[in-house]
Amino acid sequence: MALIDRHGLAILDQPFTAYTSNFKEQALRQIIAEHEPVERVSIDLGLKSSGMLPNLLREYRKNGYNIIDKQRGRPPHDQADQTGKPLTQPRERTPTPAELKAENRERIRKKIERLSRLADQEPLWLSLHYCRA
């Protein structure tokens, strides 16, 4: 309510605002150097979110008392990171229908074997392994 009393109803109709480093620095200076309450600074500056300044102050202290502007959005698709590696992983080869069919047969065979033996029996492949040794 104090924000509307100070700046009017038009303050609520404003779209998203990206604040500059200078703006953030001035806001933090008012809080830290001039010992003004966060709520009052937020209202004076016309910030719609009351949590913006506490978050900004926490990040400021966490980053060694430096203001760091975060990049918004996703990085471009063809860009590489600092190590020179591409940001996206190459796609894995898709198996052929014949490979999928063989893999599914093996899964079904294992499932049938597991369901058909008694709970206290050891698996067939395990008993065959010990017979050969």
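Predicted model: local features only at pLDDT ≥ 70, side-chain atom pairs only at ≥ 80, totals over all residues.
When I speak of helices and strands, I mean runs assigned by DSSP and numbered from the N terminus, where a helix is H or I over at least four residues and a strand is E over at least two. Residues are numbered from 1 along each chain as its sequence is written, and side-chain values use heavy atoms, with hydrogens and water left out.

Let me begin with the whole protein. I call a residue buried under 20% relative accessible area, exposed over 50%, and partly exposed in between, using a 1.4 Å probe and protein chains only; of the 133 residues, 13% count as buried. The protein exposes about 11700 Å², of which carbon and sulfur atoms supply 54%, with areas taken from the Shrake-Rupley method and its 1.4 Å probe, and for residues only the protein chains shown count as cover. A contact means heavy atoms within 4.5 Å, and among contacts between residues at least 6 apart in sequence, 49% join residues at least 24 apart.

Now to helix 4, residues 52-62, whose buried residues are Leu-53, Leu-56, Leu-57 and Tyr-60. They cover an arc of only 100 degrees around the axis, which puts them on the same side of helix 4; the arc is that of the directions from the helix axis to the C-beta atoms.

What do the buried residues of helix 4 pack against? They pack against helix 2 (21-32) and helix 3 (38-45). Leu-56, for its part, touches Lys-24 and Leu-28, not counting residues up to four places away in sequence.

The largest nonpolar core has nine residues in all, namely Ala-27, Leu-28, Ile-31, Val-41, Leu-47, Leu-53, Leu-56, Leu-57 and Tyr-60. Helix 2 and helix 4 each supply at least two residues of this core, and helix 4 gives the most, with four residues. By such a core I mean a set of buried Ala, Val, Leu, Ile, Met, Phe, Trp, Tyr and Cys residues joined through side-chain atoms within 4.5 Å.

In helix 3 we find Ser-42, which is buried, with a relative accessible area of 5%. Leaving out residues up to four places away in sequence, Ser-42 touches Leu-47, Ser-49, Ser-50 and Leu-53.

The loops deserve a moment too. His-35 lies in the loop between helix 2 and helix 3, is exposed at a relative accessible area of 66%, and has a positive phi near 55 degrees, although His-35 is a residue other than glycine. Just after helix 4, Gly-64 takes a positive phi of about 70 degrees, and Tyr-65, which is not a glycine, has a positive phi of about 60 degrees.

Finally, does helix 5 lie buried or in the open? Of its 20 residues, the number buried is one, so helix 5 lies largely in the open. Glu-99 sits in this helix, residues 97-116, and is partly exposed, with a relative accessible area of 34%.
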